[in-house]
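Open the model in a viewer and keep the selection panel at hand. The tour has two stops.

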Amino acid sequence: MQEQQKSETSEAILEVVEEDIWGSLVDFWNLILFKYEVSGTPIEITVGLILLVVIAFIVTSVVLRLIRSFITSKLAKGDKQKFISVFKFIKYFVYLVVILITLSSAGINITILLTASAALFVGIGLALQELFQDIIGGVFIIIDKSLLVGDVIEMEGRVGRVFEIKLRTTRALTRDDKVMIIPNHKFISDVIYNYTQNHATTREGVQVGVAYGSDTQKVKDILLKCASENESIVKSPESFVLFDDFGASSLVFSLHFYVTDSFVDPKIKSELRFKIDEEFRKNNITIPFPQRDVHFYPTQNLTQNLSKNDEDL
């Protein structure tokens with residue numbers, strides 16, 4: 001008798017679980033939020049479908065984060081930044097593929113959905129043409145490696161160091177600690193100077209003029225000495241001096257040198273100019289300022305007018 005009561009109780013509990021609790025969950029999972037037809041094929045967006053997409057998105061994010069952490073832990077600092085820039089583009093592509101696969105697994109015909117949305121995509125593409133140009137530009141940046149994190153670039157007269165390459169924009173820190181946000185399509189359509197693309201060093205220069213009559217060989221030696229004593233200037237390749245021109249007021253020289261960090265180039269040039277001025281003063285070499293001699297040649301009419309004015313007085 002007791003066993004029969006227990007059996008009946010278990011069946012009642014099982015029935016409650018199956019019909020009430022589990023049935024409610026199934027009903028909630030299959031609850032249709034909205035429904036529409038595409039080319040005669042009904043498409044139902046249910047709570048379960050949305051939850052499935054969200055779960056797939058979260059799982060994909062966790063897996064991608066673990067993969068990125070695993071790979072970056074084995075890379076050097078410079079390579080780590082480059083990999084993160086590339087990984088961002090891969091991440092967006094993986095998200096798109098996972099969402100499409102999830103929708104297809106849930107019974108939605110992706111082909112019909114994409115075909116029906118073609119006109120919408122065309123309209124969005126025209127409206128967001130520049131946005132798509134930026135995205136394509138970002139992909140090209142990664143593929144041809146024309147720009148990497150850490151590169152020093154010059155655009156529209158501004159110099160900056162790239163610290164982040166995103167899907168739509170590239171961000172660079174200028175010499176005055178301001179962030180320059182550059183749309184990626186600029187790297188396709190405009191001319192950009194990349195100071196660090198081919199070599200670890202770049203050549204810079206400082207120009208100076210000295211008075212006529214100065215010892216040119218001595219000027220050359222002083223300029224080379226100033227460059228050799230500056231710790232920011234590399235010893236190889238060697239610095240050199242060019243006699244540029246016989247200027248209107250001075251003999252024009254230029255000191256050319258190599259540095260490993262063009263980003264701090266203005267500071268190095270300033271230090272050199274201070275040092276050059278100091279050494280020139282010690283050696284009595286003059287840096288002239290522009291001078292102009294003006295000569296007046298009175299004409300006959302001007303002389304007659306001056307004589308007439310004197311008679312009137």
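Which element gives the most to the lining of the second largest pocket? Select α6, which contributes 4 residues. This is a predicted model, in which local features need pLDDT of at least 70, side-chain atom pairs count only at pLDDT 80 or more, and totals for chains, interfaces and linings use all residues. Residues are numbered from 1 along each chain as its sequence is written, and side-chain values use heavy atoms, with hydrogens and water left out.

**First stop: the pocket**

The lining divides into 9 nonpolar, 3 polar and 2 charged residues. Ala, Val, Leu, Ile, Met, Phe, Trp, Tyr, Cys and Pro count as nonpolar, Asp, Glu, Lys and Arg as charged, and the others, Gly among them, as polar.

**Second stop: a helix pair**

Next, select α8 (residues 216–228) and α9 (residues 265–282), which pack at an angle of about 140° with their axes 10 Å apart. That angle makes α8 oblique to α9, because angles under 35 degrees count as roughly parallel, over 145 as roughly antiparallel, 65 to 115 as roughly perpendicular and the rest as oblique.

Now show side chains. From α8, V219, I222, L223, K225, C226 and A227 meet L272, K275, I276, E279 and F280 of α9; contact means heavy atoms within 4.5 Å. By class, this contact has 8 nonpolar, no polar and 3 charged residues.

Note on methods. Axes fitted to C-alpha atoms, helices over the stretch in contact; angles between N-to-C directions. Helix = DSSP H or I, 4+ residues; strand = E, 2+ residues; numbered from the N terminus.
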